[in-house]
Amino acid sequence: METLSLQNRYNLKELELNALLEITQAINNNLPESSLYKIYDFTLRANLNIKRLALYVLDERWECKVNYGTEMDCFTTELDEEFTKNTSITPIIKGRGDVFDEFDCVVPISHKSSILALVFVGDLEEEDDDARKSSMRFIQALSNIIIVAIENKKLARKQLEQEALRKELEIASDVQQFLFPESLPYGLRLKIEASYLPHDRVGGDYYDYIPINKNQFLICIADVSGKGIPAALMMSNFQASLRTLVRQTPNIKEIIEELNYHVLENAKGEKFITCFLGIYDHQLKTLVYVNSGHNPPLLVNRKGEVQLLEEGSTVLGALHPLPFINEGFLTDLDDFLLFCYTDGVTETENESGDEFGLQKLLDYFGKNRNKDLRRIHQDIIIDLDGFKGRNGYKDDITMLSCKIEP
């Protein structure tokens, strides 16, 4: 009888070793996770006398991946949190009144002190305690090999996804940089300065300077709802449309109407763009503009008076046709400063949750219109940094200034 028992144990060990070899080969063949779980299920059913088993794995939450022999459905049963604290093989106290009453013990599967999975075992038919302990060790070893292999697959997949995202962000960032003009005029009569501080690697702000003819030029600042790659692609389409339209017509109302149509077609109403467009004429000394739901730029005249440029329309991409378009028209402008910005400037918050606001900009330009544009931008960025304190910026910061001098 003892010889038979020894033979049975020898046969069991051989089966276990073969099972481990098969599992290792399956892992080396890079089989998908679902196939590894099936092999795990089959191996335990074939090699051990286990009538009931459930394998719970921690993904975003605890999920049952393998289950057989139970009367209740483990796949729809939430895992009781008390089991997740077990660090060693633990008997299950009966009388719970749930599916776990059908099991005898729970086997934790851990890696680097983190519990990755739990194996619930019920009705393990073995001849003695030594055989039972050996079978439990085999279950733990086999489960550990499978779970760690699957964790490595998840990690590799996550790394590939992160690398793909990094590449996409890199491309989107390059695309966005191409949106901005390579150089801006900074001469005696016309000076234009821009500052762009993206909140993330890829933002949703855009500015532009487009010469139309020897007397006229257009400036634009815009902000798309949302961030990241979709925002960069949307702004790319916006820039292409704007530059094409400027070549076709000098009528700013027509440009805005067409831009609104293109934004709505591209975004299908899921995103919108706020923008400010202004066309200045050196010869006529006029500024024609439309503000489409954007933060009102500040125009400071030769007397130091500050005016908000608010005439325009609703945001672009929300409605077609636009319910109204009001054209702003300013004359006798041969000595002025125009400051455009996105909401990242005024909505910068300090540690108390207060916003930087518009009034601080009004106060600043009431005293500093004669400063160099580059110094103005530096001053405002320094003020913003001091105001926010230990808070981070929550949005892109974009500023575009234009100064005309006689």
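Q: Which way do the side chains of strand 15 point?
A: This is a predicted model, and in it Phe336, Leu338 and Cys340 point one way from strand 15, while Leu337, Phe339 and Tyr341 point the other way. In a regular strand the side chains alternate between the two faces of the sheet.

Q: And is strand 15 enclosed or open?
A: Six of the six residues of strand 15, which covers residues 336-341, are buried, so the strand is largely enclosed by the rest of the structure.

Q: Which strands pair with strand 15?
A: Strand 11, residues 298-300, runs antiparallel to strand 15 and is joined to it by three bridges, with Leu299 standing opposite Leu338. Strand 16, residues 397-404, also pairs with strand 15 in the antiparallel sense, over six bridges, and there Phe339 stands opposite Ser401.

Q: Switching to aromatics, how many aromatic pairs are there in the whole structure?
A: A search of the whole structure finds 17 aromatic pairs. One of them is formed by Phe100 and Phe120, whose rings are tilted at 40 degrees between the planes and lie 4.9 Å centre to centre. This pair links distant parts of the chain, 20 residues apart, with Phe100 in the loop between strand 3 (90-91) and strand 4 (105-111) and Phe120 in strand 5 (residues 114-124).

Q: Are Phe100 and Phe120 buried or exposed?
A: Phe100 has a relative accessibility of 1% and so counts as buried, and Phe120, at 0%, counts as buried too.

Q: Which residues are in the cluster with them?
A: Ring pairs link Phe100 and Phe120 with Tyr56, Phe83 and Phe103 into a cluster.

Q: Where do charged ends sit over rings?
A: The charged end of Lys191 sits over the ring of Tyr186, at 5.9 Å from the ring's centre. In another case, the charged end of Lys360 sits over the ring of Phe356, and the distance to the centre of that ring is 5.6 Å.

Q: What about cysteines, how many disulfides are there?
A: The count comes to zero disulfides. A disulfide is a covalent bond between the sulfur atoms of two cysteines. For Cys64, the closest cysteine sulfur is that of Cys74, and at 5.0 Å it is too far for a bond, given that the cut-off is within 2.5 Å.

Q: Is Cys64 buried or exposed?
A: Cys64 is buried, with a relative accessible area of 10%, and Cys105 is also buried, at 12%.

Q: What joins His320 and Pro321?
A: A cis peptide bond joins His320 and Pro321, with omega at about -5 degrees, and Pro321 is found in the loop between strand 13 (312-313) and strand 14 (328-330). Most residues other than glycine have a negative phi, and most peptide bonds are trans.

Q: What is phi for Lys285 and Asp332, then?
A: Lys285 has a positive phi, near 60 degrees, although it is a residue other than glycine, and Asp332, which is not a glycine either, has a positive phi of about 55 degrees.

Q: Where are they found, and are they buried or exposed?
A: Lys285 is found in the loop between strand 9 (273-281) and strand 10 (286-292), where it is partly exposed, with a relative accessible area of 32%. Asp332 lies in the loop between strand 14 and strand 15, and at 52% relative accessibility it counts as exposed.

Q: On to helices, what is the reach of helix 5?
A: Helix 5, residues 252-267, has 16 residues and reaches 22 Å from its first C-alpha to its last, close to the 22 Å expected at 1.5 Å a residue.

Q: Which residues of helix 5 are buried, and where around the axis are they?
A: The buried residues of helix 5 are Ile252, Ile255, Ile256, Leu259, Asn260, Val263 and Ala267. They cover an arc of only 135 degrees around the axis, which puts them on the same side of helix 5. An α-helix has 3.6 residues a turn, so residues three or four places apart point the same way.

Q: Last one: where is Gln239?
A: Gln239 is found in helix 4, residues 228-248, and is buried, with a relative accessible area of 13%. The C-alpha atoms of Gln239 and Tyr207 are separated by 9.1 Å, and these residues are 32 residues apart along the chain.

Terms used
Residues numbered from 1 in each chain as written. Predicted model: local features only at pLDDT ≥ 70, side-chain atom pairs only at ≥ 80, totals over all residues. Heavy atoms only, no water. Buried < 20%, exposed > 50% of the residue type's maximum accessible area, 1.4 Å probe, protein only. Helix = DSSP H or I, 4+ residues; strand = E, 2+ residues; numbered from the N terminus. Pairing = 2+ DSSP bridges. Phe/Tyr/Trp six-rings, centres within 6.5 Å; stacked < 30°, edge-to-face > 60°. Lys NZ or Arg CZ within 6 Å of the ring centre and 35° of its normal. Expected span 1.5 Å × (residues − 1). Arc of directions from axis to C-beta.
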